[in-house]
Amino acid sequence: MEDEIIMPGTQIADKPLRLSYGHVENEKTYSTVLGLKREDKLIPLKGIYEPRFGDYIIGVVSEVKFSGYDIEMKTPYPAFVPDRMLREKLDHGEVIFAKVMNVNEIGELDLGQVKVLKKGRIIEVPAVKIPRVIGRDNSMITLIRESTDCSIFVGKNGFVWISEKGNSALAISAIRKIVREAHTSGLTDKMQEYLKNSN
Amino acid sequence: MEEVELFKNGKRYDGRTVEELRHVKIKAHVLNDADGSAYLEWGNNKIIVGVYGPKECIPRHLASPYGAVVKCIYNMSPFSSLGEHGRSGPSRRSRELSMVIGQVFENVIEREKFPKAAIEIFVDVLQGDGGTRCAAVTAASVALADAGIPMKDMVSAVAVGKVKDTVVIDLDYVEDSQGQADCAIAFANRNKEVLLLQMEGEMSKEDMQKAFELASIAQERLHQLQVEALKEVYMHINEGDAFVDI
Amino acid sequence: MEILDQLKRDTIQSLVSAGKRADDRDNFSYRDISVKKNILEYSEGSALVRVGKSQVLCAIKIGIGEPFPDRLDEGILTTSAELMPLASYLFDPGPPSDEAIELARIVDRGVRAAEIIDVKKLYISENKVFVVYIDVYVMDHDGNLIDAAGLAAMAALQCTRMPKIENGQIVKGEYEGKLDLLKDVTTHTFAKVGNTLLIDPCLDEEKGMDARVTLGITDKNTICAIQKWGSGSFSQDELFQVIDIAFKKRKELKELIDNA
């Protein structure tokens, strides 16, 4: 069956559902973003990242403060890593991979389980496409890692970090291809082919 | 200005019928840097909208802990009219329109999801020929959807008015300046709530009822064009750079 | 966001020092350029230029004004540039930034210094001359706005119609002939990143550049305007190298605007 395109305001269920990209009004659920309806599921094509407890993100140290560090991660306000969550000191401009430990009611974020990423570069990916970059049970990202020998970290906020070591140019173009074709089916097979032919 | 016969033998001066819109073309995602964008041609109106956010709200004292602030800036380019070269920068008119257009989207955007943040809507009128605020609302709704900013609904807008004692839809500059009344209406698509309403001139209650009837029909058509513009971008695999297709 | 720019700067500098560009171009190749003329009905002339992802519009309006007291027999040329806030997260609403003023002045200098327009022909009658407004509107910013704006201005001037005059007044929407152009000019911008020279820098390369130089070249293969920007420096050899390259590149760009 062909996917149905969903607009902000399109009804997606006649009962209230708790969805990231849904809005409930009069016991009915409506989409708040542009998306596709595939087998009663809403696949967002567009959307803004909303941090949740437990998300893994990638960010950059933007300010060294008295009790910790401000982390720029493309949310409206920087996140914060308290000193007590760290074993070592961080430097301004360092890239980290970390877990969201707390989100308060006004959107302020605390991070923990910090890993510093050295010698690589960040590319920006729309946050709604991140699940496709990761793939079911990490299948997609594992495929790219194995085909390029790169170390790759994926942040739910839409940042992907790729090590200098390995074929990083191929890894970047593979990820860009996934982003462009994220809403098509049979993507894993396509990517397998692409990576095989480009290697 | 030369007077023209605005309504004669069931037709308007440009040949349209009372309920006929001018030609409308919408293209979504026309800019590369903006988070969302749209370009709209509506008769001789040419309008471009860029959206940024949610982002940090500057100055900070304008931020609200309850939700994102929606900032709209409506701007007429100095070369937008057939007449003299204008001034750049905000006029009293453009500041008022910025406010009322911004309020339309304060209504539909799920602002509470982004406390202390700002969402910016920049509207630039490259060429204006009457009905630019309606065109701006219609284009901005597409640009916001392109940006992925969560909205409870899509919005479109159209002007209705009265020329030579006849209620007509979508007045152009000549009809607007020589006619009897002009009324801009924005509707939420789903529940048809009125989100923008500005009228000047003179109309009876019956005229107003007819005006809303015409506007409701036009709104369905405009929504369809918005949907097609967004589909165009996202149903096809989108390769290459975004560009303004003037 | 600033911290991300810093990161991009580092990436670009290491790429360039490894002999690569952000988008795999040669050091002296332009990105894809497209030029479209006559895009607006209410302006006397207009053009939209895309250089890579940068998009710049130029509109020409012609009005009537009083001449300057020291040049009573000459028309007036006035250029402005707006970096529209929708074009980039770097642009803010409000009065023109230094960058916008510099852009307008470089475009203006190219047009004025090359004497593209015969200002004496813009004289109408005593105390009445044509005023030519050149408005540059930046709609999408991915670097090298100067060359894009220069091309847009030249293309828009090429298709500018002269308004019809009756009883010393402009007849709205009616035209008589075209604006006479004596010459044409193209501008060519080079960035210096580390010790490497690059033509047509994209935005990321501009973030990583130490200096920039723009040359305005006329159809007589003369240089009509130069602007150096940035705290970095150029050696004299480097400057003559970019002059040679600009002379070569001129043909490419001129064909693009002539054939649009």
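In which sense do strand 9 and strand 11 of chain C pair, and over how many bridges?

Reply: Strand 9 (residues 185-193) and strand 11 (residues 211-218) of chain C pair in the antiparallel sense, over eight bridges. Strands, like helices, are DSSP runs numbered from the N terminus (E, at least two residues, for a strand; H or I, at least four, for a helix), and two strands pair if DSSP finds at least two bridges between them. This is a predicted model: local features need pLDDT of at least 70 and side-chain atom pairs count only at pLDDT 80 or more, while totals for chains, interfaces and linings use all residues. Residues are numbered from 1 along each chain as its sequence is written, chains are lettered from A and ligands numbered from 1 in the order in which they are written, and side-chain values use heavy atoms, with hydrogens and water left out.

Within that pair, Phe190(C) stands opposite Val213(C) in strand 11 of chain C. The two strands belong to an open sheet of four strands in chain C, with the order 10-9-11-12 and antiparallel pairing. Strand 10 (196-199) and strand 12 (223-229) of chain C are the edges; each has a single partner strand, so one side of each is left without a neighbour in the sheet. On average, neighbouring strands of this sheet are turned by 20° against each other, direction ignored. Axes here are lines fitted to C-alpha atoms, for helices over the stretch in contact, and angles run from 0 to 180 degrees between N-to-C directions.

Two helices lie across this sheet. Helix 2 (residues 98-113) of chain C lies across strand 9, strand 11 and strand 12 of chain C, at about 160° to strand 12. Helix 3 (residues 145-158) of chain C lies across strand 9 and strand 11 of chain C, at about 175° to strand 9. Contact means heavy atoms within 4.5 Å.

The loop between strand 6 (128-140) and helix 3 of chain C holds Asn144(C). Asn144(C) has a positive phi of about 45° although it is not a glycine. Asn144(C) is buried, with a relative accessible area of 1%; buried means under 20% relative accessible area, exposed over 50%, and partly exposed in between (1.4 Å probe, protein chains only). Another positive phi, of about 65°, belongs to Asn127(C), also not a glycine. Asn127(C) lies in the loop between strand 5 (123-125) and strand 6 of chain C and is partly exposed, at 42% relative accessibility. Most residues other than glycine have a negative phi, and most peptide bonds are trans.

Further out, chain C meets chain B. The contact takes 30 residues from chain C and 36 from chain B. The two chains bury about 2900 Å² between them, 60% of it on carbon and sulfur atoms; buried area is the accessible area (1.4 Å probe) that two parts lose on being put together, summed over both. Tyr42(C), Lys61(C) and Leu86(C) supply 26% of the area that chain C buries against chain B, more than any other three residues.

In chain B itself, strand 5 (residues 45-56) has 10 of its 12 residues buried. Strand 5 of chain B pairs with strand 4 (residues 36-42) of chain B in the antiparallel sense over seven bridges, and Ala38(B) has Val49(B) as its bridge partner. These two strands form a hairpin with two residues between them, and Gly43(B) in the turn has a positive phi of about 60°. Strand 5 of chain B is also joined to strand 7 (residues 117-127) of chain B by nine bridges, again antiparallel, with Ile48(B) opposite Asp124(B). Pro54(B) lies in strand 5 of chain B, and the peptide bond from Gly53(B) to Pro54(B) is cis, with omega near -5°.

Chain B also touches chain A: 36 residues of chain B are in contact with 30 of chain A. These chains bury about 2700 Å² between them, 64% of it on carbon and sulfur atoms. Lys116(B), Arg190(B) and Tyr234(B) supply 21% of the area that chain B buries against chain A, more than any other three residues.
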